[in-house]
Amino acid sequence: MTDIVVIGGGIAGVAAAAHLAPHGSVTLLEAEPALAYHTTGRSAALFVLNYGEQGFRPLTKASESFLLNPPEDATGAPLLSERGLLWLGRPDQMGNLEKLALEGSESGANSRIVDLDEVLQMIPVVRPDVVAGGLLEPSAQDIDVAGLHQVFVKMTTAAGGKLLTNQQVTGLKRSDSGWQVRTVEQELHCDVIVNAAGAWGDVVAGLAGIPPVGLTPKRRTAFMVPGSEDFVRWPMAVDADQKFYFKADGVQLLCSLAEQRPSPPEDSRPQMEDVALAIERINEATTLGIRTVNSQWTGLRTFAPDGNLVAGEEPEAPGFFWLVGQGGTGIQAAPGYGALLASLVLGGDLPDELAGAGVDPAVTDPSRFRS
Ligand SMILES: Cc1cc2nc3c(=O)[nH]c(=O)nc-3n(C[C@H](O)[C@H](O)[C@H](O)COP(=O)(O)OP(=O)(O)OC[C@H]3O[C@@H](n4cnc5c(N)ncnc54)[C@H](O)[C@@H]3O)c2cc1C
């Protein structure tokens, strides 16, 4: 008998499994031949406090100490490394940056407005006739996404949990004795289901006859262009209106249009025009003169109607827990929402690190979509 079945092997599924495995028998089921094949393997890998819906930010804050001090036996190298984030503003965008600075101070981000000279010292390729200044968040850091995913995998297996690939869940049924979970290969019985199926969250709920919460997957394309040793210390540069960004990744430069186009849940692929438009905008704001693309990919950032996480038990289906709607902050907030989900499944008081960061389970409760 498996107590808990987690559906989805992205960062959300393994974060939940890692926090639940010490308390019950956990089996994680992933449809693909490999874990982290979808959105989790396609991110920009940044930790930044001043980002995402207000209801999400306490979960990012609550994740910081885990990311700085992961369990020693589960990791070989630090999960965070210095990066910094520099929002770039044209003269007409400087007001937006001041607003963003205010939001940042409310989220505990130590950000400050910088003038053009300071922008040019940090990123000399910025065009001084286009950009007027910036907002610097020095505490933003790169995340080792594969390393973090692996930490959760090791925590799960060390506690006796199982992670199974090639196991698309095709049927869910509730009976008096719990839940029946059918996959393409087998049938399992459990007390608790955790729906961490990312863009497919509403589809998985539908298998159990549970109405959707209204998730919208949104495309975002990223691509690598040739970089240089000279770029590796640059902070990540983001347009004040999020119309493009670029960030050093080794000796390459990771770039994006930062687009948010609604999509069905699918294995999404880049479209040439999104890459071309991003290159045009980055070349307008800098002297980088990008002409070659080394590689490109698209991931789906999935949002609930109010932009906040959906974590909690479905009111009409005891034992069915949602863990979806991670949007653009699903990597950086994973330790926090993994701990939150476990505490909701297990019951009892909210752990101190979540309560201390201002996490409020009412904000993530799926019942907000059921009135
Ligand atoms: C370009 C880009 C940049 C980003 N940058 C950042 C960033 O800098 N920082 C940050 O924190 N976040 C970032 N994100 C967002 C982050 O990547 C996501 O929030 C996060 O990966 C979502 O994880 P997930 O586990 O919910 O989804 P996924 O990784 O998509 O995992 C869901 C899994 O469920 C499986 N599944 C679906 N249906 C079934 C089924 N029926 N049976 C079994 N398995 C099933 C899927 O195969 C999939 O593996 C970025 C995203 C993109 C696209």
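The legends below describe close-up views of a predicted model. Because the model is predicted, local features are given only where pLDDT is at least 70 and side-chain atom pairs count only at pLDDT 80 or more, while totals for chains, interfaces and linings use all residues. Residues are numbered from 1 along each chain as its sequence is written, and side-chain values use heavy atoms, with hydrogens and water left out.

**View 1**
Strand S1 covers residues 4–7; here and below, helices (H or I, at least four residues) and strands (E, at least two) are DSSP runs, numbered from the N terminus. In a regular strand the side chains alternate between the two faces of the sheet. In S1, Ile 4 and Val 6 point one way and Val 5 and Ile 7 the other way, and all are buried, where buried means under 20% relative accessible area, exposed means over 50%, and partly exposed lies in between (1.4 Å probe, protein chains only). S1 runs parallel to strand S13 (residues 192–195), to which 4 bridges join it, and Ile 4 stands opposite Val 192 of S13; two strands are taken to pair if DSSP finds at least two bridges between them. S1 also pairs in the parallel sense with strand S2 (residues 26–29), over 4 bridges, and the bridge partner of Ile 7 in S2 is Leu 29. With helix H1 (residues 11–20), S1 and S2 make a right-handed β-α-β unit, a crossover being right-handed if, with the strands pointing away from the viewer, the path from the first strand over the helix to the second runs clockwise.

**View 1. The boundary between domain 1 and domain 2.**
The domain assignment of the chain gives domain 1 as 4–74 + 144–215 + 305–369 and domain 2 as 85–139 + 216–303, with bounds that come from an automatic or database domain assignment. The centres of domain 1 and domain 2, taken over C-alpha atoms, are separated by 29 Å. Contact, meaning heavy atoms within 4.5 Å, is made by 26 residues of domain 1 with 31 residues of domain 2. The area buried between domain 1 and domain 2 is about 2,300 Å², of which carbon and sulfur atoms give 52%; buried area is the accessible area (1.4 Å probe) that two parts lose on being put together, summed over both. Between domain 1 and domain 2 the count is 2 salt bridges, a salt bridge being a side-chain nitrogen of Lys or Arg within 4 Å of a carboxyl oxygen of Asp or Glu.

By the salt-bridge rule the count comes to 12 salt bridges. In one of them Arg 42 is joined to Asp 267, with the closest N and O atoms 2.8 Å apart. Arg 42 lies in the loop between S2 and strand S3 (46–47) and Asp 267 in the loop between strand S18 (261–262) and helix H7 (272–285), so this pair ties together parts that are 225 residues apart in sequence. Arg 42 counts as buried at 15% relative accessibility, whereas Asp 267, at 28%, counts as partly exposed. The side chains of Asp 142 and Lys 247 also meet in a salt bridge (2.7 Å, N to O). Because Asp 142 lies in strand S8 (residues 141–143) and Lys 247 in strand S16 (residues 245–249), the pair ties together parts that are 105 residues apart in sequence, and both Asp 142 and Lys 247 are buried. Asp 274 and Arg 261 meet in a salt bridge as well (2.2 Å, N to O); Asp 274 lies in helix H7 and Arg 261 in strand S18, so the parts tied together here are 13 residues apart in sequence. Asp 274 is buried, with a relative accessible area of 3%, while Arg 261 counts as partly exposed at 37% relative accessibility. Salt bridges that share partners join Arg 42, Asp 267 and Arg 269 into one network.

Phe 223 has its place in strand S14 (residues 216–226) and is buried, with a relative accessible area of 1%. Of the 11 residues of S14, 8 are buried, so the strand is largely enclosed by the rest of the structure. Leaving aside neighbours within four places in sequence, Phe 223 is in contact with residues including Leu 253, Val 275, Ile 279 and Trp 297. S14 pairs in the antiparallel sense with strand S19 (residues 295–303) over 9 bridges, and with strand S17 (residues 252–256) over 5 bridges.
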